[in-house]
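Thanks, everyone. I have one model to go through, so please look at the structure as I talk.

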Amino acid sequence: MKTEMNKNELERALIALGKLISRMSPIPEHKSLLVECKDGKVCFSTRSPSEQMTFRTAYAGEVEFRCIVGFDEFRDAVRGYRNKVLEIEDNEGVLRVGERTLFPKSGVEWRVPDEGEHCSVSELPKDFVALFAAASPLVDRNNPRKVLQGINLCREGITTTNGKELLNIYVPLNVDDFTIPLPLALMQTKTTEAGMLCTWTDRTGKMCRIETEHWVWYAEGLEGNYPNWKQVIPSQKALVRSVSFLPERGQQLEIFLKNVPDQPPHNPVELYQSDDPGYLNILAGEMHTSIAAEFIGNWNNVSIKLNKHALLRLLSEGHTKIEAGDGHFPILATGGTGRYITIPLYQPQKQNQEPKPIQTQTEEPKMENNEMRVVSAPVQTVVRNPEPVPEAVDPMEELNHGIDELRGRLKLLLDETGVLTRKVKEAVLKQKQKERDFILAKRAIERIKMAI
């Protein structure tokens, strides 16, 4: 009994199927491949302790067989075959792949999960695997809570969080709360096909199945309650200001940030409005740049300070609008994949008032400071305007008072220096922008002259 299939297609499928293989596992099923032909389809399956995945494709003929072989041996046989059309033949349990013969593994049992009677079904749109890939960077795979190592599915869509960042992608699903393990094998398929999600509960716990035309992925749901992420999303009333920019400007900013060296532990990047209201200034340590942007709300003496890697993640998801509120509250980024929420770095409120000098209390003169004055001869004098004799002041207190005043003046000078430095940087940015605009205008004129 022989079947034929495209070698390159099978090689790509084996890359994804190999993500579930554990070569160090003592269980033979975790390093084996199930090859099965039935109902006009040839299926290749691998499994891990909590997942199982199958690649299936149609073939011509009425061949039917079932064989379990070593995954590595099968993959090597496929790679070593030179023709584009691969022949797979079963001869009484012995599998011949191309030019190699593979003997079946004995004593290996392959259990297919049984779907429960009460199974919830949801339609998945095209490119849903790409949505999993977009959400996966926010999964904390080292979190002690097992449920946070996966991706949460609910009626509001796909959600992931690492405790500092949160991403929610709206996809209508017919499931209340279900957390799947990070689907690395499914993401490796890079399929763009639409699919179907089925969830149910059996004697072992929560189960799910994601099926497309060529792929079937089974997984056990992660136990535990996922955090109430909905209460983290800020309300629209609390978002009093926003900045938005074109996707091209976001890509420009992403390139700039990738060249900014890390500044541990927080890697701060400050965003604020330029004196020219049409530009957003970005300050990261000693490096700075600006992009054209549109502002809504009051941005006077207001800035947003974010972690560099959080801002890079925001831009990599394609977001082009950042909304923020007053105080130390989460920001909301939209315009790209889903809704992205993160907490800005803490910024103490700036005090514009000049520091008041510290008033010291003058102590009463002590007895040991009062000395008797000896006058050689009494002289009668007429005092027209008697002036009060100043009380004695402790010289150490007077010195402390002077130091406090000096500190206040130095702090004021330092604040003024920071303002001047910031204005100089803005002037440099404006000058560079003018130079770029001049060069672009000059090139446009030259192209027009050449066209004429």
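Let me start with helix α7, which covers residues 395-451 and is where Leu410 sits. Helices here are DSSP runs of H or I with at least four residues, strands are runs of E with at least two, and both are numbered from the N terminus. Before going on: this is a predicted model, where local features need pLDDT of at least 70, side-chain atom pairs count only at pLDDT 80 or more, and totals for chains, interfaces and linings use all residues. Residues are numbered from 1 along each chain as its sequence is written, and side-chain values use heavy atoms, with hydrogens and water left out.

Next, the helix pair. Helix α5 (residues 247-258) packs with helix α6 (residues 308-316) at an angle of about 150 degrees, and their axes are 10 Å apart. The axes are lines fitted to C-alpha atoms over the stretch in contact, and the angle runs from 0 to 180 degrees between N-to-C directions. On the α5 side, the contact (heavy atoms within 4.5 Å) is made by Gly250, Leu253, Glu254, Leu257 and Lys258. On the α6 side, the residues are Lys308, Leu311, Leu312, Leu315 and Ser316.

Which form does the peptide bond from Pro264 to Pro265 take, cis or trans? It is cis, with omega near 5 degrees. Pro265 belongs to the loop between α5 and β18 (268-273).

Another backbone point is Asp39, which is not a glycine and yet has a positive phi of about 55 degrees. Asp39 is in the loop between β2 and β3 (41-47).

Last, charges. The whole structure has 13 salt bridges, each being a side-chain nitrogen of Lys or Arg within 4 Å of a carboxyl oxygen of Asp or Glu. One of them joins Asp72 to Arg23, with the closest N and O atoms 3.0 Å apart. Asp72 is in helix α2 (residues 71-80) and Arg23 in the loop between α1 (7-17) and β2 (32-38), so the pair ties together parts 49 residues apart in sequence.
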